[in-house]
Amino acid sequence: MAFGTSGASGGVPEPGPRGEDGGPRGWRAATREALYGPHGFYRRPEGPAGHFRTSVHASPLFAGAVARLLERVDAALGRPGRLDLVDMGAGRGELIAGVLDALPASVAARTRAYGVEIAGRPQGLDPLIEWRATPPQGVTGLLFANEWLDNVPVEVAEVDGAGVPRLVLVGADGTERLGGPVTGADADWLARWWPLPAEPGLRAEIGLPRDTAWAAAVASVSRGLAVAVDYAHTADTRPPFGTLTAFRAGHETRPVPDGSCDITAHVALDACAAAGTRDGRVPAEGGRVLRQREVLRGLGVTGGRPPLSLATSDPTAYVRALANAGEAAELTAESGLGDFGWLIQPLGITDPLPG
């Protein structure tokens, strides 16, 4: 499974208290406590890799591709004396460590690496990686958010019998009921990004907190590239009943906000793209949203089988190349990891990605 994050909790605020009556509350508050509270899912010792498989865990080819992307950003920046690499929602540091290992020595020597995560610093992590609860400011380089935004908690809305979108409230056992009508900024967001027809039962996740989180992440970059990678949808592909779900021990399960499972929902990346343009440093269209298969193939990750002649001339190299081809195929697969959306937002540089 590839929902969830490589540790998608960096920069998410701590949960607020439960309602005075201890009863149901909105999915945003319930999820925030379940994932990031003192006993939350992302503070568990096994980490995200103990519950689901992401591109980071699928193959070191993914970290290698990000390293090549960082090299392109470095070239676009004119190879500065200090090159920043920020991993938002760094989990246990798997991705950022893999990227550093894959960089040429000349680039790695100039790279300052930051893992952004609310969980404590993992044991054995490269001491050159700075571990933080919030991203640094004034970044010159690459800010990379792999499956971070899908775990920024959001409210859920559902259309009632009168055709009115209402907030969905949830109890600690996962039981839902409808609350009051969606109003204010949340209603404005729905009207702009996910308008709900007056058909009872239709649902949407209100992505405003994700827009805000992404805008803040983008604002931390002075020059370089900001990238968000997630299961995503855009205005022409919004699912009619939303995407809220959960994962536990490698299996999809009913979302229950008790800290026992990852709670996640796909991301409206087009809305995030627009939010990231507000300071005027990126194109008016908000950068690009691409499919992971397109990006990784452009960065040299292909699923082609090695020639059979290699099996005769160099059997060891053939086996290695065959394994790489299988991993590349998984990273770029239709109806799988290859369907991830990549939001690409260059800041003060030309777009370093092909196509």
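Me: How many bridges join strand 12 to strand 14, and in which sense do the two strands run, parallel or antiparallel?

Reply: In general, the strands of a sheet pair through backbone hydrogen bonds, and the pairing is either parallel or antiparallel. The model before you is a predicted one. In it, strand 12, residues 245–248, is joined to strand 14 by three bridges, and the two run antiparallel. Within this pair, Ala246 stands opposite Ile263 of strand 14.

Me: What is the order of the strands in the open sheet of three strands?

Reply: The order is 13-12-14, with antiparallel pairing. Strand 13 (251–253) and strand 14 (262–264) stand at the edges; each has a single partner strand, so one side of each is without a neighbour in the sheet. From one strand to the next, the twist averages 35°.

Me: Which order do the strands take in the open sheet of seven strands?

Reply: That sheet reads 4-3-2-5-10-17-16, and its pairing is mixed. The edges are held by strand 4 (129–132) and strand 16 (288–291), each with a single partner strand, so one side of each is left without a neighbour in the sheet. Here the twist averages 20° from one strand to the next. As a case of parallel pairing, take strand 2 (residues 83–88) and strand 5 (residues 139–146), which pair over five bridges. Met88 is found opposite Ala145 in strand 5.

Me: How many cavities of 30 Å³ or more does a search of the whole structure find?

Reply: The general idea is that rolling a probe the size of a water molecule over the atoms shows where empty space is left. The search of the whole structure finds two cavities of 30 Å³ or more.

Me: How many disulfides are counted?

Reply: A disulfide is a covalent bond between the sulfur atoms of two cysteines. With a cut-off of 2.5 Å between the sulfur atoms, the count here is zero disulfides.

Me: Are Cys261 and Cys272 buried or exposed?

Reply: Cys261 is buried because its relative accessible area is 0%, under the cut-off of 20%. Cys272 also counts as buried, at 1% relative accessibility.

Technical notes
Residues are numbered from 1 along each chain as its sequence is written. This is a predicted model: local features need pLDDT of at least 70, side-chain atom pairs count only at pLDDT 80 or more; totals for chains, interfaces and linings use all residues. Side-chain values use heavy atoms; hydrogens and water are left out. Buried means under 20% relative accessible area, exposed over 50%, partly exposed in between (1.4 Å probe, protein chains only). On a 1 Å grid over the protein atoms alone, a cavity is a set of points where a 1.4 Å probe fits but cannot get out, and a pocket is an open set with protein on both sides within 12 Å along at least five of seven lines; lining residues have an atom within 4 Å of a point. Grid points are joined across faces, edges and corners, and a volume is the space filled by probe spheres set on the points. Two strands pair if DSSP finds at least two bridges between them. Helices (H or I, at least four residues) and strands (E, at least two) are DSSP runs, numbered from the N terminus. Axes are lines fitted to C-alpha atoms, for helices over the stretch in contact, and angles run from 0 to 180 degrees between N-to-C directions.
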